[in-house]
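Subject: Structure for your review

Dear colleague,

Please find below the structure I promised to pass on to you. My notes on it follow directly after it.

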Amino acid sequence: MKNVLTTVSSLCLIHSSLSIAGVMGNVDSNWIRNGFYVAGEIGVAGLVDKESHSLSPETHQLGALGIIGGGYIGYEYGMKRYGMALEFFADGTGLNAAITHQPYTYHHNQNYDLGVRVLPEYAFTPNTTGHVVLGYTNGRFHIADNGVYGYINTDYNKSGFQTGLGFTTILQGNVTLRLDAIYDIYGSQTNAGLGVTPGTIQFYTNTFSTLAGEFSLIYKFS
Amino acid sequence: MIMHIRLCFFGVALLCSSVFAGTMGARIKPYNGLYIGGDIGVANFLDKESTLYAPGTYDKHQLSATGLVGGGMIGYDVSITDRIKLGIEGFINGTALNGAAEQKYGDFVSFNAHMRYNAGVRLLPGFEFSPGTIGHILLGYSYGKFNVKDNGDYGYINTDISNNGFQAGLGIKVPCFIQNLSLRGDMLYTTYGANNSLGLSSTFTPLNYHDNFATLEGSLSLIYKFL
């Protein structure tokens, strides 16, 4: 009887320790869940415009701070602690910089941007990942001068490169929270307008960039 | 003999389970403690500048620049409840931010607005989403040191400006690879009070320069906590 009790006790203890070891977490399991996701975002962005013009040439580094908002859709694939996501995004922006030489004003706006980006990821914990942002963006811009350096009123699209860093953490179930810091740099664009002096042509050159902090709520279909 | 073998087996089983029990983390990891950190980031600097030539007659420029910031912080974390946290920290950052307006003809004069550094104190109320991952907001006071210099673009001035400001932001902290080390990402907006400085116009009459500074900064920090 004593022998039986001793043997049973030993077996119970071994079983419990093995069970506890199992609960510790399988180090080979995927910490990033595969699947499609959709998200909405809101943030604050700073617009910088390196502006120059040809007649009485000057350069200005202009800028503005404003709110941005939009959404994205993507697919995430994970392998243990590493992952990659591909997503398409679109943002509306309220960014408007200006020069005023009374009574004239020269405006620079960004209306929206959209594009595609990849996000290489690393899982710090089973619930939290960090990622890098690398992508292509296309921005819509508007410049209008009613007499500061000349006369122009035009819209144009310009391509650019996007980069950034961010973190994602699970909020509850399939909903995650994401914070991103994203920098966009667009190519330079020269547009022709009229000079202040009748019969002259003023060339306006603008190079836009933005730095944005964005807060997103993501729903994953997995 | 058999009894001795069984007792040894029993003892080994006990030892294994106690090892695993210890590894389970039955102890609650401490949170309260002093920490230090270093940060590096990118910031957007904004100067809403205007020059008043005569009552009601002014020029306005929204000058801006993007550049690097870097510095450090020292603080203390406390747990209010299991998931609600609070940090208080002092920080200082050096900056390389310079917004400019330049004339490319004549005397090639320019107006420059430059931010040198900022320092201050802030609170970080936080929420622990999962073990080790804490999202927080940042609310604080910032003291900024600036310089504006104009050698003939709108007038003449060369002055240092000190301004107080309010800082707000969002961030997240995650555990890093080594114990007591964590990685933190923050997005911060700082707005400083308006400043008026007296310079000279091109005809050497008094000219008022009005500047209103703000920054938007994204930074990454490595933090060590003394636990």
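Of the 222 residues in chain A, 49% are buried in this predicted model. Chain A has 1 helix and 8 strands; along the sequence they follow the order α-β-β-β-β-β-β-β-β. When contacts in chain A between residues at least 6 apart in sequence are considered, 67% of them join residues at least 24 apart.

The nonpolar cores come next. The largest one has 37 residues. The members that touch the most other members are Tyr106(A) and Phe208(A), together with Phe45(B), Phe111(B), Phe146(B), Val148(B) and Phe213(B). A second, separate core of 8 residues includes Tyr37(A), Tyr72(A), Ala85(A) and Leu119(A). In soluble globular proteins, nonpolar side chains tend to be buried together. Leaving aside residues up to four places away in sequence, Val148(B) is in contact with Phe111(B), Asn112(B), Ala113(B), Ile157(B), Asn158(B), Thr159(B), Ile161(B), Asp211(B) and Phe213(B).

Over all chains, the structure holds 20 aromatic pairs. One of them joins Tyr219(A) and Phe221(A) in an edge-to-face arrangement, at 5.1 Å centre to centre and with 75° between the planes. Tyr219(A) is partly exposed, with a relative accessible area of 39%. Another pair is formed by Phe146(B) and Tyr192(B): the ring centres are 5.0 Å apart and the planes stand at 80°, so this pair is edge-to-face as well. It links distant parts of the chain, since Phe146(B) belongs to strand β5 (residues 133–151) of chain B and Tyr192(B) to strand β7 of chain B, 46 residues apart. Both Phe146(B) and Tyr192(B) are buried. In chain A, ring pairs also connect Tyr82(A), Tyr122(A), Phe124(A) and Phe167(A) into a cluster.

Two charged side chains sit over rings. The charged end of Arg117(A) lies over the ring of Tyr72(A), 5.3 Å from the ring centre; Tyr72(A) is also one of the members of the second core. In chain B, the charged end of Lys225(B) sits over the ring of Tyr31(B), 3.7 Å from its centre.

Some backbone details deserve a check on your side. The peptide bond from Gln102(A) to Pro103(A) is cis, with omega near 0°, and Pro103(A) lies in the loop between β3 (82–101) and β4 of chain A. Ser56(A), in the loop between β1 (35–53) and β2 (58–79) of chain A, has a positive phi near 45° although it is not a glycine. With a relative accessibility of 45%, Ser56(A) counts as partly exposed. Asn180(B) likewise has a positive phi, near 75°, and is located in the loop between β6 (156–175) and β7 (181–200) of chain B. Buried means under 20% relative accessible area, so Asn180(B), at 18%, counts as buried.

Finally, Thr105(A) is found in strand β4 (residues 104–125) of chain A. Not counting residues up to four places away in sequence, Thr105(A) touches Ala98(A), Ile99(A), Thr100(A), Ala144(A), Asp145(A), Asn146(A) and Val148(A). The C-alpha atoms of Thr105(A) and Ile143(A), 38 residues apart along the chain, are separated by 11 Å.

With kind regards

Definitions and conventions:
Residues numbered from 1 in each chain as written. Chains lettered and ligands numbered in written order. Predicted model: local features only at pLDDT ≥ 70, side-chain atom pairs only at ≥ 80, totals over all residues. Heavy atoms only, no water. Helix = DSSP H or I, 4+ residues; strand = E, 2+ residues; numbered from the N terminus. Buried < 20%, exposed > 50% of the residue type's maximum accessible area, 1.4 Å probe, protein only. Contact = heavy atoms within 4.5 Å. Core = buried A, V, L, I, M, F, W, Y, C linked by side-chain atoms within 4.5 Å. Phe/Tyr/Trp six-rings, centres within 6.5 Å; stacked < 30°, edge-to-face > 60°. Lys NZ or Arg CZ within 6 Å of the ring centre and 35° of its normal.
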